[in-house]
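This report describes how the parts of one protein model pack together. Please keep the sequence and the structure in view while reading.

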Amino acid sequence: MLGAAGATGYCTGRSVKGRPATPGRPETIEETADMVTAEGGRGIAVRTDHTIEAEVERLFARVRNDQGRLDILVNDIWGGDEMIEWGSPFWELDTAQGFRMIEGAVHSHIITSRHGVPIMIEQNSGLIVEVTDGDTMGYRGNLFYDFAKYATIRLGYAMATDLHAHRITALTVTPGFLRSEAMLDGFGVTEENWRDAIAQDSYFEESETPCYMGRGVAALAADPDVGSKRGGLYSSGTLAKEYGFTDLDGRQPDWGSYFPARVREIIVRDGTPDEMSLFYVRARMHQIELDPASASECERLNKFLEKHE
């Protein structure tokens, strides 16, 4: 989507043609670069392991040499899906595996910003976008996952504070229910027939493509007043309403409004809730229990759970 706005994009990661780095996933950085070019920009694939500082230094040395500037840095490095031990309390988790997740999802972001930002400081401008999961402050269901995703929010905030004097904006964005390639495969559908999966999970009706958040990043980059958002946390649905863009199918998914509404339906419904309904109520309560403005909603959810658990 940045390519569609005319950008030159350096698409980086470890998966290259013939050597995919993530078991079971065929996507490569060359494929991503081709998508950027097809949209009207210029995509450049550079294999980079963002946990290895020397490789990140080489990447930005090339950017500096090729372009002489860096306008947008998107930190969306993750790769931790297979490391999440959902349903296990923290004292039963594999700590070595959890630390690998943190290295891939947090250390890599710090290393990348550390070596990319000096180019922006030289030109006294730039936008840094941290990518997380969720725009609430509550627990995300697994200690290491929660730590990793909340840490990126703090990175956006902390970097914004340090960069205030340099006209560089750092902030954090999150998608909603992301319809990624892996998610589509998990449901056994493609982007062309993704609605067939709603029968398996009705919440999937509010899902969104990765391009939706990409359009949000492009809108932020084009906003001359983006500095007013420094340090903040913004969802794709919120940005879509503010800037007026849509997902590829013309919809404006808004998970932040949709999910609470679905949970409200559960707690006013007659009868005994099933375990999945209880899971959604618990998930919503975790989202809001640290938010003083949501105290009354949290109390209602807690009473519901006490009654049915």
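This is a predicted model: local features need pLDDT of at least 70, side-chain atom pairs count only at pLDDT 80 or more; totals for chains, interfaces and linings use all residues.

**Helix pairs**

| Helix pair | Angle between axes | Axis distance | Source of the value |
|---|---|---|---|
| α2 and α3 | about 25° | 8 Å | computed |
| α3 and α4 | about 15° | 9 Å | computed |
| α8 and α9 | roughly 125° | within 10 Å | computed |

Helix α2 spans residues 53-67 and helix α3 spans residues 95-123, and the two pack at an angle of about 25°. Because angles under 35 degrees count as roughly parallel, α2 is roughly parallel to α3. Their crossing is right-handed. On the α2 side, the contact is made by Glu53, Val56, Glu57, Phe60 and Arg64. On the α3 side, these residues meet Ile111, Thr112, His115, Gly116, Ile119 and Glu122. Sorted by class, the residues of this contact are four nonpolar, three polar and four charged.

Thr112, one of the α3 residues in that contact, is buried, with a relative accessible area of 1%. Leaving aside residues up to four places away in sequence, Thr112 touches His50, Val56, Phe60, Leu73, Asn75 and Ile77. Val56 and Phe60 in this set belong to α2.

Helix α3 also packs against helix α4, which covers residues 143-162. The angle here is about 15° and the axes are 9 Å apart, so α3 and α4 are roughly parallel to each other. This crossing, too, is right-handed. From α3, the contact takes in Thr95, Gly98, Phe99, Met101, Ile102, Ala105, Val106, His109, Ile110 and Ser113. From α4, it takes in Phe144, Tyr145, Phe147, Ala148, Ala151, Thr152, Leu155 and Met159. By class, this contact has 13 nonpolar and five polar residues, and no charged ones.

The crossing is left-handed. Phe259, Pro260, Val263, Ile266 and Ile267 of α8 meet Ser277, Tyr280, Val281, Ala283, Arg284 and Gln287 of α9. Eight of the residues in this contact are nonpolar, two are polar and one is charged.

**Nonpolar cores**

The largest nonpolar core has 21 residues, and among these Tyr203 and Val281 touch the most other members. Two or more residues come from each of α5 (181-187), α8 (255-268), α9 (275-288) and α10 (295-308). Helix α9 contributes the most, with five residues. Val281 of α9 also takes part in the contact with α8.

Which residues does Tyr203 touch, not counting residues up to four places away in sequence? They are Phe177, Trp255, Tyr258, Phe259, Arg262, Ile266 and Tyr280. Of these, Phe259 and Ile266 in α8 and Tyr280 in α9 are also found in the α8 and α9 contact.

A second, separate core has 20 residues, including Ile44, Leu70, Ile111 and Met159. Ile111 is also one of the α3 residues that meet α2, and Met159 is one of the α4 residues in the contact with α3.

**Residues in loops**

Ser207 is placed in the loop between α5 and α6 (210-222). Is Ser207 buried or exposed? At 0% relative accessibility, it counts as buried. The C-alpha atoms of Ser207 and Lys241 are separated by 16 Å, the two residues being 34 residues apart along the chain.

Most residues other than glycine have a negative phi. Asn124 has a positive phi, near 60°. Asn124 sits in the loop between α3 and β4 (126-131) and, at 29% relative accessibility, counts as partly exposed. Arg167 likewise has a positive phi near 60°. Arg167 lies in the loop between α4 and β5 (168-174), and its relative accessibility of 63% makes it exposed.

Note on methods:
Residues are numbered from 1 along each chain as its sequence is written. Side-chain values use heavy atoms; hydrogens and water are left out. A nonpolar core is a set of buried Ala, Val, Leu, Ile, Met, Phe, Trp, Tyr and Cys residues joined through side-chain atoms within 4.5 Å. Buried means under 20% relative accessible area, exposed over 50%, partly exposed in between (1.4 Å probe, protein chains only). Helices (H or I, at least four residues) and strands (E, at least two) are DSSP runs, numbered from the N terminus. Contact means heavy atoms within 4.5 Å. Axes are lines fitted to C-alpha atoms, for helices over the stretch in contact, and angles run from 0 to 180 degrees between N-to-C directions. Angles under 35 degrees count as roughly parallel, over 145 as roughly antiparallel, 65 to 115 as roughly perpendicular and the rest as oblique. A crossing is left-handed if the near helix is turned anticlockwise from the far one by less than a right angle, and right-handed if clockwise. Ala, Val, Leu, Ile, Met, Phe, Trp, Tyr, Cys and Pro count as nonpolar, Asp, Glu, Lys and Arg as charged, and the others, Gly among them, as polar.
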